[in-house]
Amino acid sequence: MSLRIAFTASDWDVAQEARDRLEARYGDAPEETADVIVALGGDGFMLGTLHRTSHLSAPVYGMNRGTVGFLMNAYSEEDLPARIAAAEETVINPLAMRAEAADGTVQEALAINEVSILRAGPQAAKLRITVDGKLRMEELVCDGALVATPAGSTAYNYSAHGPILPIGCDVLALTAIAPFRPRRWRGALLPKTATVRFDVLDHEKRPVMADADSRAAHDVVRVDVRSEPAIAHRLLFDPGHGLEERLIQEQFV
């Protein structure tokens, strides 16, 4: 029985053209009945594809037709079924964000990379941080803070001087963004089971927004972040170029 492949592509011309060629060569199955979904684009498109197809059982195999392509494999039109059959699978769980706004509305979202708490005005944010119901920091004055998964630890987290986490570890990174007080605090490593609560202090003077993989919640006063083990995203990588290897490699460049 031949491999049933569903192709999906970003709006970039190079991705759309690649999709047309691959569909002509290998056919195109509906995502609901496909054995694998091939995503053509960059990392942002891969994140969107994973969110959109999380209810499906098929794994996602990405090929880079974007820019960075950290979550993607190298693009090639040759022997695609054989490459997919030989690919290594990585399973990652997203973060669940629950953000409460000043008017009482609540917004929930999932994030594969990170949930960020960001100042939304000219003044620094003031955050109170609680972990599993225990107050850990009375006041963090900063541009923001984030909670990152191992898969997302090389993205915004790394740019904010947070640690790169091995893909198999049951750890989350809590990282400050441009901390002013405590000035030298750079964050913490937390067990994957932890629930992190951010309370926004003086929110009228110092407005704050929350962001979960580009899903924004504005004028928030409280944000809860936890891992969501009930959702498992399956990614496929070419042998020797899996996510674990890429995370290690990033630490030596």
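Predicted model: local features only at pLDDT ≥ 70, side-chain atom pairs only at ≥ 80, totals over all residues.
Leu172 sits opposite Leu190 of strand S12.

S11 and S12 are joined by 4 bridges and run antiparallel. They belong to an open sheet of 6 strands, ordered S12-S11-S10-S7-S14-S15, with antiparallel pairing. The edges are strand S12, residues 188-191, and strand S15, residues 215-217; each has a single partner strand, so one side of each lacks a neighbour in the sheet. From one strand to the next, the twist averages 20°.

Now to a residue in S11. The strand covers residues 171-177, and Thr175 is part of it. Is Thr175 buried or exposed? Its relative accessibility is 0%, and because buried means under 20%, Thr175 counts as buried. What does its side chain make a polar contact with? The partner is the side chain of Asn157, at 2.6 Å. Leaving out residues up to four places away in sequence, Thr175 also touches Ala145, Leu146, Ala160, Gly162, Pro163, Arg186 and Gly187, among others.

On to the other sheet. This one is open too, with 5 strands in the order S1-S2-S3-S17-S4, and its pairing is mixed. Strand S1 (5-9) and strand S4 (88-92) are at the edges; each has a single partner strand, and therefore one side of each is without a neighbour in the sheet. Here the twist averages 30° from one strand to the next.

S1 and strand S2, residues 36-41, run parallel and are joined by 5 bridges. Within that pairing, Ile5 has Val36 in S2 as its bridge partner.

Technical notes
Residues numbered from 1 in each chain as written. Heavy atoms only, no water. Helix = DSSP H or I, 4+ residues; strand = E, 2+ residues; numbered from the N terminus. Buried < 20%, exposed > 50% of the residue type's maximum accessible area, 1.4 Å probe, protein only. Polar contact = N/O pair within 3.5 Å; in protein donor to acceptor, adjacent residues only side chain to side chain. Contact = heavy atoms within 4.5 Å. Pairing = 2+ DSSP bridges. Axes fitted to C-alpha atoms, helices over the stretch in contact; angles between N-to-C directions.
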